[in-house]
Amino acid sequence: MRHLLDTTDLSLKEIDDMIALAVDIINNKEKYAHICDGKKLATLFFEPSTRTRLSFEAAMMELGGNVLGFSEAASSSASKGESVEDTAVMVSCYADIIAMRHPLEGAPRVASFRSSVPIINAGDGGHSHPTQTLTDLLTIYREKGTFDNLTVGLCGDLKFGRTVHSLIKAMCRYKNVKFVLISPKELSVPDYIKSDVLDKSGNAYEEVETMEQAMDKLDILYMTRIQRERFFSEDEYLKHKDAFVLDLDKLRTAKRDLTIMHPLPRVNEIATEVDDDPRAKYFVQALNGKYIRMALIITLLKWGGALS
Ligand code: CP
């Protein structure tokens, strides 16, 4: 049995296979409509979510399976003090696969030690969000047809933004990928991502403080929200809240085939006037999230022997 706790749990070949499966699902939906008949997905969300939880649930339903779970810690026995380990033991008696989001970094890993079914990390604190990364990779693949030779701009809260950390880890494994890290100094990519991931892989990267410094070089612009819930004080959040706002004026120097992505939810960081620009792909990206999660559920259930 395998879990998905971090993007690096998957080899490049496994990611390629999962993306190929997602593309086949997109093109042949009826072929997969009953593949999970009789199977159950539990969504254990100790933190708020719209896209991740609902796309997991839609994914399982479109595969013919059922879903159960909770959408906030307050409606689970965690509010009475039950541990993550005990919750995992219990829920693995009721479901064939579990997607868990938790504010504590490493909580899904702790759950995996005691679970008898696959655990999927649906976001743990500021650490990692591997299914968002698979979503992002499927989007890049569908838009660009390759992962190699791309210049990727990551903009916003690069310190607390777990989707950014996971995406850097994943994209570093492809050929000649360059990164432009766009953030205020206080919200720059954590040192461990620079030393353990970027420096180790040898991928070129530069850090800048304005979008204008980077815009004309980028093949991908990945915008992120300032993560209000992870700041120690409201004043600190307010200082950075509108640090970056992408609008049509800022796109004047951008490439015609730029792909604009955002894991969503957005707050102010992309003006709604950008939504109709053909380069805006963030809503397509959210739809891709359902297809890649369908592929992931099938793959993990097959690896665990629950599907043939
Ligand atoms: N992208 C993402 O994780 O969105 P939610 O927080 O709505 O799940």
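Predicted model: local features only at pLDDT ≥ 70, side-chain atom pairs only at ≥ 80, totals over all residues.
## Basis

Local features need pLDDT of at least 70, side-chain atom pairs count only at pLDDT 80 or more, and totals for chains, interfaces and linings use all residues. Residues are numbered from 1 along each chain as its sequence is written, and side-chain values use heavy atoms, without hydrogens or water.

## Helices α6 and α7

Helix α6 spans residues 162-171 and helix α7 residues 191-201. Helices (H or I, at least four residues) and strands (E, at least two) are DSSP runs, numbered from the N terminus. The α6 and α7 axes lie 10 Å apart, at an angle of about 15°. Axes are lines fitted to C-alpha atoms, for helices over the stretch in contact, and angles run from 0 to 180 degrees between N-to-C directions. The two helices are therefore roughly parallel (angles under 35 degrees).

From α6, H165, I168 and K169 meet Y192, I193, V197 and L198 of α7 (contact means heavy atoms within 4.5 Å).

## Strands β1 and β2

Strand β1 (residues 40-45) is largely enclosed by the rest of the structure, because 5 of its 6 residues are buried (under 20% relative accessible area, 1.4 Å probe, protein chains only). β1 pairs with strand β2 (residues 66-70) in the parallel sense, over 5 bridges. Pairing requires at least two DSSP bridges between the strands. T43 has G69 in β2 as its bridge partner.

## Loop residue A254

A254 sits in the loop between α8 (234-240) and β9 (259-261). Its relative accessibility is 10%, so A254 counts as buried. Beyond neighbours within four places in sequence, A254 contacts M215 and R279. K217 is 37 residues away along the chain, yet the C-alpha atoms of A254 and K217 are separated by 7.5 Å.

Methods: Parallel < 35°, antiparallel > 145°, perpendicular 65-115°, else oblique. Buried < 20%, exposed > 50% of the residue type's maximum accessible area, 1.4 Å probe, protein only.
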